[in-house]
Amino acid sequence: MQVNRLSRIPLFMVHGNGVDHRILKPLEATLEKMRIFDLHYIDLPGFGTCPPLENSGGLPELASWLEALIRQTAGEGRFALLGNSLGALLCQEMADRFPGQAQGLFLLAPVVFPDAARRTVPEQQVSVADPLLLAELDPHHAQLFSDVAVVQSPEAWRKFAQWVLPGLDCANLRAMAKLSRRYFLDPLPLERGNQLDIPVTIVCGKQDHVTGYLDPERLVHRYPLMKLCVLEPAGHNVHLEQPEQVLAELRDWAQRTGGLQERS
């Protein structure tokens with residue numbers, strides 16, 4: 001399905017904690033080729049080029065900031081949401097705040113429980129190790145990479161250096177500290193009883209030791225049309241480590257979401 005840009009549905013793309021919008025740029029070529037969405041990359045306050053909030057800067061405040069931005073951009077029109085990690089939790093929240101307007105959710109390695117103690121996660125493991133590669137890197141960068149990389153290949157490092165590292169390097173540490181002190185939503189999207197009958201695709205890495213792959217299964221009571229894909233070997237940056245499979249799921253979701261827009 002191809003539509004002109006004026007009729008494309010806005011897609012708000014929200015990154016996770018500690019990085020910026022660039023972590024989602026590898027999805028751009030696929031999305032643009034489909035011509036269904038008008039892409040809106042968002043830097044949350046304190047990340048990328050967006051200044052931090054002057055208030056307490058916790059998760060409730062980020063949610064209110066994001067709600068205002070979406071309302072200003074989309075008005076009363078329809079839109080879709082794509083989020084990664086913390087951004088995926090915020091997308092769940094936005095779908096609840098905009099019932100009837102949110103047309104679909106695509107969630108990468110989503111946070112379900114902000115409190116890490118409540119998460120079900122596997123032990124950290126590496127499926128493809130490359131100690132020679134790590135030895136060649138700047139020690140700080142090697143540590144950042146190895147903290148999340150399940151596949152420690154030169155190609156995985158190249159993607160990490162291009163799409164993840166710049167956001168890590170420019171994150172506002174004071175804003176992150178504020179966020180950590182108010183890292184909650186009450187109630188959580190998981191804990192609400194209403195259902196959203198919209199296309200929802202969740203993609204997780206089976207070796208993701210940050211947010212895991214089991215907790216998202218619990219969201220099915222919220223999203224009857226939910227599709228959960230668990231890929232391996234892959235960790236928290238599943239779209240960088242299994243790009244072809246993630247992009248295939250993205251294309252399928254985009255067609256379903258665009259089809260919903262077309263029928264309505």
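Rings of Phe, Tyr and Trp (the six-membered ring of the latter) form an aromatic pair if their centres lie within 6.5 Å; planes under 30 degrees apart count as stacked, over 60 as edge-to-face and the rest as tilted. The model considered here is predicted, so local features need pLDDT of at least 70 and side-chain atom pairs count only at pLDDT 80 or more, while totals for chains, interfaces and linings use all residues. Residues are numbered from 1 along each chain as its sequence is written, and side-chain values use heavy atoms, with hydrogens and water left out.

The count of aromatic pairs comes to seven. In one of them, Phe12 and Phe79 are edge-to-face, because their ring centres are 5.5 Å apart and their planes stand at 80 degrees. Phe12 belongs to strand S1 (residues 9–14) and Phe79 to strand S3 (residues 79–84), so this pair ties together parts that are 67 residues apart in sequence; strands are DSSP runs of E with at least two residues, helices runs of H or I with at least four, numbered from the N terminus. Phe12, Phe79 and Phe98 form one aromatic cluster.

Phe106 and Trp253 form a tilted pair, with 5.5 Å from centre to centre and 55 degrees between the planes. Phe106 lies in strand S4 (residues 102–108) and Trp253 in helix H9 (residues 243–263), so parts 147 residues apart in sequence are tied together.

The cysteines form zero disulfides, a disulfide being a pair of cysteine sulfur atoms within 2.5 Å. The sulfur of Cys91 is 14 Å from the closest cysteine sulfur, in Cys204, and therefore too far for a bond. For Cys229, the closest cysteine sulfur is also in Cys204, at 8.8 Å, again too far.
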